[in-house]
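Subject: Structure handover

Dear colleague,

I am passing on the structure below, followed by some notes on what was found in it.

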Amino acid sequence: MSLAPPLFIASIGNPSAAFSNTLHSAGHTVLNHLHTILFTSPFTKSRRHANGLLSAASSGDLALWQSPALMNLSGKPVSQAYRTFLGSLDAPEQRRAARLVVVHDELELPMGKIRVRRGGSARGHNGLKSVSAAMPGVDYTKVGVGIGRVQSRQSEDVAAYVLRKMTPAELEGMWDVAGRVAEVVREMRNDQG
């Protein structure tokens with residue numbers, strides 16, 4: 001019987017209270033809820049994990065981590081934190097089986113929907129481009145959290161849209177999103193291949 005693959009689930013978004021619960025930081029919001037659903041430890045700043053916020057299962061083979069960097073500069077911190085996670089695993093077979101999951105906002109999905117993709121391109125998402133550039137050859141899973149799209153394609157309108165705070169209803173809906181992401185996590189933990 002093989003063990004569940006270790007998972008390092010990283011959210012990318014913009015750090016600090018100013019960006020808390022904005023659409024652009026939907027990944028961080030989902031991870032905050034996921035911590036409650038999966039019964040991981042409270043988030044604490046981890047210097048070893050690129051100064052990101054870390055929450056872990058007592059088993060040590062499941063970690064939730066929030067990037068401390070601006071979205072478009074997420075790659076280096078994600079890479080450093082993931083390498084630290086891999087180094088914390090006891091056995092070589094655990095390190096080989098470990099998987100990186102990146103949770104991010106997704107403009108091209110309706111609010112509250114999720115899309116799970118393994119590998120493939122960043123599809124224009126600057127945060128994912130940064131992660132892929134910092135981790136060439138690493139095949140990671142992307143979990144897009146739908147935030148909808150503003151009608152305008154003008155960059156300043158899109159920026160204003162993604163940087164706005166979620167409404168109370170949108171924020172409440174993130175619990176449902178986190179529940180669906182938790183199911184994805186459980187499926188990945190049960191996948192032995």
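Which residues of the largest nonpolar core touch the most other members? This is a predicted model, in which local features need pLDDT of at least 70 and side-chain atom pairs count only at pLDDT 80 or more, while totals for chains, interfaces and linings use all residues. Residues are numbered from 1 along each chain as its sequence is written, and side-chain values use heavy atoms, with hydrogens and water left out.

The residues in question are Ile9, Val30, Leu34, Val103 and Val185, out of 29 in that core (a set of buried Ala, Val, Leu, Ile, Met, Phe, Trp, Tyr and Cys residues joined through side-chain atoms within 4.5 Å, where buried means under 20% relative accessible area with a 1.4 Å probe, protein chains only). Among the elements that each supply at least two of its residues are β1 (7-11), α1 (26-38) and α6 (168-190) (helices, H or I, of at least four residues and strands, E, of at least two are DSSP runs, numbered from the N terminus), and α6 gives the most, with 8 residues. Apart from this core lies another, of 22 residues, among them Leu54, Trp65, Tyr82 and Met135.

The model also has an open sheet of 7 strands with mixed pairing, in the order β2-β3-β4-β1-β5-β7-β6 (two strands pair if DSSP finds at least two bridges between them). Because β2 (44-46) and β6 (114-118) each have a single partner strand, one side of each is left without a neighbour in the sheet. Strand β3 (residues 52-56) runs antiparallel to β4 and is joined to it by 4 bridges, and Leu54 has Trp65 in β4 as its bridge partner.

Best wishes

Methods
Buried means under 20% relative accessible area, exposed over 50%, partly exposed in between (1.4 Å probe, protein chains only).
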